[in-house]
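Hello,

Here is the structure I promised to pass on to you. Have a look at it first, and then read on for what turned up in it.

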Amino acid sequence: MINNQPPIIVSSLDLVRLTKLIESLPPKYLPGIDALQCELDRATIVEPGEVPSGVVTMNSKVRFVDELSKNTFELTLVYPEDGGNADRVSILAPVGGALLGLSVGQSIFWQVPGGQKLQLTILEVIFQPEAAGELLR
């Protein structure tokens, strides 16, 4: 992670689930765990029904651009057990941790393993469970 990150919003339900996930993981996931914990620690926590529709939450489908490569992506942010498809990104992946809690129009600089840097900008939240009324998903 890099300093000067934008403010983020995380639902209380995602916070509980992600905290349980972090506590259950073996040490081999340490870089991903540390990055995710840092994001959760700096997040503004709100009730699921209070999450603005333009915020990336767990199970949200989001369109974003890497400003450095100019590549645009459309991915769903998922828990590790739901990953494995080309159109899904795990919350423990560097990009997944970077996306959590961002709002449409926000950008974040994120360092990934190997020293590569990303600058992600959220273009659109295509689907968000909270906005769709799927609060218990």
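**What was found**

Among contacts between residues at least 6 apart in sequence, 59% join residues at least 24 apart. Please keep in mind as you read that this is a predicted model.

Let me start with the overall layout. The protein has 3 helices and 7 strands, and along the sequence these follow the pattern β-α-α-β-β-β-β-α-β-β. The C-alpha trace spans about 40 × 35 × 30 Å along its principal axes. How does the radius of gyration fit a compact globule? For 137 residues such a globule would come near 14 Å, and the protein has 14 Å, so the two agree.

Next, the surface and the interior. Of the 137 residues, 43% count as buried. The protein exposes about 6900 Å², and carbon and sulfur atoms supply 53% of that area. As for charge, there are 10 positive and 16 negative charges, and their mean positions are 5 Å apart.

You will find D14 in helix 1, which covers residues 12-24. D14 is buried, yet it has no salt bridge. Which side chain of opposite charge is nearest to D14, and how far away is it? That side chain is R17, at 5.0 Å, while a salt bridge needs a distance within 4 Å. Apart from its neighbours within four places in sequence, D14 is in contact with T57, M58, Y79 and E130.

Most residues other than glycine have a negative phi. N59, however, has a positive phi, near 70°, and K70 likewise has a positive phi near 70°. Where do they lie? N59 is in the loop between strand 2 (44-46) and strand 3 (61-66), and K70 is in the loop between strand 3 and strand 4 (71-78).

Are these two residues buried or exposed? N59 counts as buried because its relative accessibility is 13%, and the cut-off for buried is under 20%. K70 counts as exposed because its relative accessibility is 58%, and the cut-off for exposed is over 50%.

Best wishes

Key:
Residues numbered from 1 in each chain as written. Predicted model: local features only at pLDDT ≥ 70, side-chain atom pairs only at ≥ 80, totals over all residues. Heavy atoms only, no water. Helix = DSSP H or I, 4+ residues; strand = E, 2+ residues; numbered from the N terminus. Buried < 20%, exposed > 50% of the residue type's maximum accessible area, 1.4 Å probe, protein only. Lys, Arg positive; Asp, Glu negative; His and termini not counted. Contact = heavy atoms within 4.5 Å. Rg over C-alpha atoms; globule rule 2.2 N^0.38 Å. Areas by Shrake-Rupley, 256 points an atom, 1.4 Å probe, with all protein chains shown as cover. Charge placed at Lys NZ, Arg CZ, Asp CG, Glu CD.
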